[in-house]
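Trainee: Before I use this structure, I would like to understand what lies behind the terms that describe it. Could we go through them together?

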Amino acid sequence: MHRRVGSIALVMAVALAFVVTGCTAPGPSYSILDREATSEDVVPDALPGYAGDSAVLDTSRFVAERDGIRIWLLRGQESSTVCLLAFPGAEDWVMACGGDHAPASMSGPAGEYVYQPDGLPAPKDSTRISENVFAVDDR
């Protein structure tokens with residue numbers, strides 16, 4: 001009986017260690033979203049407020065400017081989502097949100113883009129804009 005109580009205590013201690021240390025598999029990473037924000041990361045004032053229905057606007061991080069189109073990554077309103085904003089201007093901006101575990105794509109007047117977690121290989125027929133964002137080539 002004493003041995004059984006000791007085994008149960010050991011199992012409980014191991015289970016508690018997993019809970020306390022958070023032993024779970026690491027999730028996908030968009031390291032740009034984890035860095036400290038700068039003034040360049042703020043989305044344009046011309047972006048309508050309803051854009052915040054899908055994305056948390058104050059999490060935006062500027063990615064790059066390509067052919068006059070400014071590009072940001074943002075955290076989505078839904079947990080485990082990431083959004084891409086392409087902003088050529090107030091009238092023809094586009095934003096897409098997708099799960100943060102796999103590549104997602106977006107196309108519109110600002111072009112076609114794929115965005116994905118850190119460390120994944122570049123999509124076929126694309127041009128790297130940043131670690132996470134690729135422009136799909138028109139071929």
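Trainee: Which residue in strand 8 is the bridge partner of Tyr115?

Mentor: The partner of Tyr115 in strand 8 is Val133. Please keep in mind that this is a predicted model, in which local features need pLDDT of at least 70 and side-chain atom pairs count only at pLDDT 80 or more, while totals for chains, interfaces and linings use all residues. Residues are numbered from 1 along each chain as its sequence is written, and side-chain values use heavy atoms, with hydrogens and water left out.

Trainee: What makes strand 6 and strand 8 a pair?

Mentor: Two strands pair if DSSP finds at least two bridges between them; three bridges join strand 6 (residues 111–115) to strand 8 (residues 133–136), so these antiparallel strands meet the criterion.

Trainee: Why are strand 5 and strand 7 said to stand at the edges?

Mentor: The open sheet has four strands in the order 5-6-8-7, with antiparallel pairing. Strand 5 (104–108) and strand 7 (126–128) each have a single partner strand, so one side of each lacks a neighbour in the sheet.

Trainee: How many helices and strands does the chain contain?

Mentor: The chain has two helices and eight strands, where helices (H or I, at least four residues) and strands (E, at least two) are DSSP runs, numbered from the N terminus. From that terminus, the elements run α-α-β-β-β-β-β-β-β-β.

Trainee: What share of the chain is called buried?

Mentor: Buried means under 20% relative accessible area, with a 1.4 Å probe and protein chains only; of the 139 residues in the chain, 37% are buried.

Conventions. Buried means under 20% relative accessible area, exposed over 50%, partly exposed in between (1.4 Å probe, protein chains only).
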